[in-house]
Amino acid sequence: MAVQNSLAKRPTKTGLTAYLTQDAVKRQINSVVGGKNGTRFISSIVSAVQTTPALQECTNPSILSAALLGEALNLSPSPQLGQFYMVPFDNKKKGVKEAQFQLGYKGYIQLAVRSGYYKRLNVMAIKEGELVRYDPLNEEIEVNLIEDDIVREETPTTGYFAMFEYENGFKKTMYWSKQKMLSHADKYSQAFHVNAVESDNPRRQRVSYEDYLKGNYPKSDEWKYSSFWYKDFDGMAMKTMLRQLISKWGIMSIDLQTAVDKDMAVIHEDGSAEYVENEQEDVNVVADQELNEVLEEPQKAEPVQAVDAAKPGQETNGQMRMEEAFFSQP
């Protein structure tokens, strides 16, 4: 382990490249990726780590494990696609930085659509002035959407809506107000706080979320607000909506269950997942470890258009550029 950790902490790609090209590691990669794609996969991991400086400090096995899990699920960690992410966090117990596997809201959509059960699936932010009414008893929503996309984008969000419809006609919808989502994030995210947090330790102090949005905090404290709930609240909110909706009411394929079970976790070489508390104190820590939310509640995302479900067996592959997936699956 000591050798692996020292390799992972090297700031250049040499240590990671040397690790990935070891014969034993290449065999493990090929067992998941396939011989022909092994070189492409290795190049994509190195490229992903180069573009995320904090990942360069993570242990090599944790990077590879998160990457191989995404690959096994046929998901891409490309930020543009938003299907899954490799997120660095500081493991205080081990004294090292490790990469977590984090499922994006578009990953939920991909895995759900591929199952072939869903005729329609949609999640979106509702903007100020758009909601006419939502009837939770009959699960009916009435909205007047802002037609100008540019104006709509700049309008404040007041709530979130998610729905699905099975091929057999069964439907389920859900609406949460922005205030309810803020309360949810404040309760389940250990890094996000709606209100100001005072502390004798200046490293633990936080301004309110409203002040954060206004930029009313010292720029030297930017690292304190690296949680995705701060960086992309709507995206995290939409992931929460999908996770709440699908996990409670939807049919979950094996791949979707695997992704949800290992969301926000460090994947070990034996395939087990470790949900480690993230103290979020170091400047380089960018992960938001919401352990309670992983175990009890669904989670985050970004807006999405309704999509037609693919039939079973029509799963799209493609776009596997940085698709890094699960290290040692049996």
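Mentor: Arginine 133 is partly exposed, with a relative accessible area of 39%. Buried means under 20% relative accessible area, exposed means over 50%, and partly exposed lies in between, judged with a 1.4 Å probe and protein chains only. The model is a predicted one, in which local features need pLDDT of at least 70 and side-chain atom pairs count only at pLDDT 80 or more, while totals for chains, interfaces and linings use all residues. Residues are numbered from 1 along each chain as its sequence is written, and side-chain values use heavy atoms, with hydrogens and water left out.

The side chain of arginine 133 meets that of glutamate 142 in a salt bridge (3.5 Å, N to O). A salt bridge here is a side-chain nitrogen of Lys or Arg within 4 Å of a carboxyl oxygen of Asp or Glu. Glutamate 142 is also partly exposed, at 38% relative accessible area.

Now consider the strands. Strand β4 (residues 131-135) and strand β5 (residues 140-143) run antiparallel and are joined by 4 bridges. Two strands pair if DSSP finds at least two bridges between them; helices (H or I, at least four residues) and strands (E, at least two) are DSSP runs, numbered from the N terminus. Leucine 131 of the pair stands opposite valine 143 in β5. With 4 residues between them, β4 and β5 form a hairpin, and glutamate 139 in its turn has a positive phi of about 55 degrees.

A further contact involves the loop between β3 (118-127) and β4. The side chain of glutamate 130 meets that of arginine 152 in a salt bridge (2.7 Å, N to O). Glutamate 130 lies in that loop and arginine 152 in helix α7, so the pair ties together parts that are 22 residues apart in sequence. Glutamate 130 is buried, with a relative accessible area of 0%, and arginine 152 counts as buried at 15%.

Helix α7 spans residues 149-154 and includes aspartate 149. Aspartate 149 is exposed, with a relative accessible area of 62%. Together with Glu147, Asp148, Glu153 and Glu154, Asp149 forms a negative surface patch. Patches are made of residues with over 30% relative accessible area and no salt bridge, like charges being joined within 9 Å and nonpolar side chains (Val, Leu, Ile, Met, Phe, Trp, Tyr) within 5 Å.

Methods:
Accessible areas come from the Shrake-Rupley method with a 1.4 Å probe; for residues, only the protein chains shown count as cover. Lys and Arg count as positive and Asp and Glu as negative; His and the chain ends are not counted. The place of a charge is taken as NZ of Lys, CZ of Arg, CG of Asp or CD of Glu.
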